[in-house]
Amino acid sequence: MKFLYKYGTIIAIVVVISFFSITLDSFFTYANFSDILRSISIVTLVAIGITFSLIVDGFDLSVGSTVSLATIASASALVLHRQELFVALIVPLLLGVLVGLLNAFLIIRLRLPDLLATLAVMYIINGVQLTYTKGFSIYNDMPLPEGGTAPGKFIPSFLFIGQGELFSIPFSVLLMLFVVVCAHLFLTYTKFGRLFYMTGENREAARLTGIPVDRYRTIAYMISGLFAALAGIVLASRIGTGQVSAGASLLMDGVAAAFIGFSVFGAGKPNVIGTLLGSILIGVLLNGLTMMNVPYYAQDIIKGMILIFALALSHIVKK
Amino acid sequence: MKQIVHSFGDVTVLNGVNFHVQPGEVHALLGMNGAGKSTLMNILAGHLQATSGAIDIDGRSYTFSSPRDAKRAGIGHVVQEVDAALFPALSVYENVLAEQIVEQPNMLFSKMNKRAFVLQLLERVGLAHVSPDALVQTCSLHEKQLILLARVLSSSARYIILDEPTASLSEEETKRLFAMIEQLKAQGVSFIYISHKLHEVKRICDRMTILRDGTVVYEGDVSLPTEEIVRHMVGRQPETRNTFAREKSEETIFEVKQLYIPKTKTTVDLAVRRGEIVGIAGIVGAGKTELAESIIAHVNTTGERIVRGKKQTWTSPKDAIEAGVCLIPEERRKQGLFMNETVEKNLTVRLLSNISKWQWINKRRERTIATSLISSLHIRPSSPTALAKNLSGGNQQKVVIGKWLQTNSDVFLFDEPTKGIDVHAKEEVFSIIRSLAEEGKAIIYFTSEFQELLRIAHTIYVMVDGRFIKKIDAQEATYEQLVHDTTGGDMR
């Protein structure tokens, strides 16, 4: 049981890849793997944000709608306002941090339960992006209600984030790896990271030890929002449009990845490497299922079951 | 209750106890912590089953296998933590009738048909002014206690256990409670009154039984002089005077003035000198933990704190720690340790700034510090990577203390540091505290184990109901005197 707990995720990834490779001809190809990695990169960014909120013993349900908001924000900056790359990046990132601050305010100052507070924020943010776009996606040369077409377009430098390649590796994958490595080093080897974990492990003991727990919790929610926004930028760049509610499905994927990650190598707590493996497992599985013509709505059933399995496994081992 | 024997494993906590309560009397059950009072009452209330012995009530013999059996036989239990027994979001009516609702055979529950009954019960316990429709969460602690009493009366209990009923009551509320007890007594209800407050026992009780180490050492009238009662409770204590040099400097290093304790709504003044061990003696519920948490600013409070002559404003424990004042809390698992982290990480959590550069932790230096702390404190297992939750209580306590040893802390607050640890670990904790004092640190030691203060303290403050009622030089203090003072023996 212990062994299954520690290495279960890795075994599952290997099994799933071998299974799809044998049954599907087009699965084990460079093109497909590159595609899988691109989609994983977005989920991983979201999941790392969730991991931060889990580390401080919190929870952030608003990440999915923050992704959508960021997607719309960068699309709007480029297409509707004809802004340069810098603005198209900084506006969504700032919005993400603001959402994190709002969550932190509700949870830490007003002492609302984290699940409910972020659930409410999730709906608010989702409503905001729908209201702003009146429910329509933002795309190149889109007609404007006041006549004419949109002045700007998705500029190549922006599209490079989600579609470009460096040394024949997708740029978004490199970005994800960079973020994973940084977050991992930060959490494992720095004082900040250590105190994040201490805050989540035992808040009262942390406070009595002189750790400014409220500050760390606030920062964790801000990081969660920031990474969700980054994921939104990559998503917008990858599909080349600002699609409404594009991030909705990423919440479940991210949560599942982060919880699967608990168990990896027996860590027993949220960790970035585990989260990465969790999102690889989900990414591979979803890709294979799609290729086997399992409809996307049925895939939700499988995602839910994976999450339950991951939760049950970590719960049993804890006892 | 006749010849009650009870053992937990190999440990016999009740050794053939005979306990008699007459109808219509208030009977005090006295004894120090660990004398067996709670065990005896848990047996009477059906929470525990005695290893042997019999319970006779009004001429009938009973064996209780559950609290329900005890209730049916007429035993009522008003627990000390009333909130644990009430449903805050339900009405007074439903709370009073909780047992009836559980017991009634049909599923439907009519609010109206028992209204008169509830009103009568509320009147009996002096809550005629409280509406049965009010929610319990809006009631005061005193009212909640009486609601619980009304519930107990609803099942026509004739023997009611009151466990430390006045622990959190004001003087006025205590008076009202006593009036209530007198009234019910006149109606033929008996009470078993458990308290550490001897002056109250003398005021309200008719007779008393004193337990010591699981044996009845006295049964009879409450008019016994307080000194005699204390002597019965304490027994013959080995003279454990401390032998170490009681040197302390004249320099006051830390002082609080008019520090407000929110829980007890009182203020205290306290000063410690360099190298001094100040003991705060008080029974459970005297407000020691609340004082410690107020000093360290873990709770919101007001008052002056002066460190080395400088006035300070603290809004969180972080400020206190930066000024050199730290707390080793009472609940070490809940408040002191990161249970799922390693011993090493627990020990170095305050030292991370010293061992990291640009936030980056130097793991080799961390290991060096952890190993040296582990060996100097004799922490077992001696592996720095052992998880804190896998250590014994005594070793966990050493980890909690060890966290502060290499910091710049000058003032150490120890809240019940020997709670739940074995004799050997206790000695080790004492020697750590002594060597801290010898190094010139100041110690404030909060405890309800008074023998410990006689061994290590220089000065002892006696705390009762959130106030210091006395300051004694430890050389002149005796155990009997401390028991007498902390139980409010001098109070009228």
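Leaving aside its neighbours within four places in sequence, which residues is Ser53(A) in contact with? Hello everyone, let's start there. One reminder before the answer: what we are looking at is a predicted model.

The contacts of Ser53(A), with those neighbours left out, are Gly58(A), Phe59(A), Asp60(A) and Tyr221(A). Find Ser53(A) in helix 2 of chain A, which covers residues 30-55. Is Ser53(A) buried or exposed? Ser53(A) is buried, because its relative accessibility is 0% and buried means under 20%.

Now let's move to chain B. Nine residues from domain 1 and eight residues from domain 2 take part in the contact.

How much area is buried between domain 1 and domain 2 of chain B? About 840 Å², with carbon and sulfur atoms giving 68% of that. On the domain 1 side, His196(B), Val230(B) and Val234(B) lose the most area to domain 2, and together they make up 41% of what that side buries.

There is some polar detail here too. Between the two domains of chain B we count one salt bridge, and two residue pairs are in polar contact across the interface. Have a look at Lys197(B) as well: Lys197(B) forms a salt bridge with Asp465(B), and their closest N and O atoms are 3.4 Å apart.

Last, the cysteines. Cys139(B) is buried, at 10% relative accessible area, and Cys205(B) is buried as well, at 6%. Over all chains, the search finds zero disulfides.

Methods
Residues numbered from 1 in each chain as written. Chains lettered and ligands numbered in written order. Predicted model: local features only at pLDDT ≥ 70, side-chain atom pairs only at ≥ 80, totals over all residues. Heavy atoms only, no water. Disulfide = S-S within 2.5 Å. Buried < 20%, exposed > 50% of the residue type's maximum accessible area, 1.4 Å probe, protein only. Helix = DSSP H or I, 4+ residues; strand = E, 2+ residues; numbered from the N terminus. Contact = heavy atoms within 4.5 Å. Buried area = accessible area lost by both parts, 1.4 Å probe. Salt bridge = Lys/Arg side-chain N within 4 Å of Asp/Glu carboxyl O. Polar contact = N/O pair within 3.5 Å; in protein donor to acceptor, adjacent residues only side chain to side chain.
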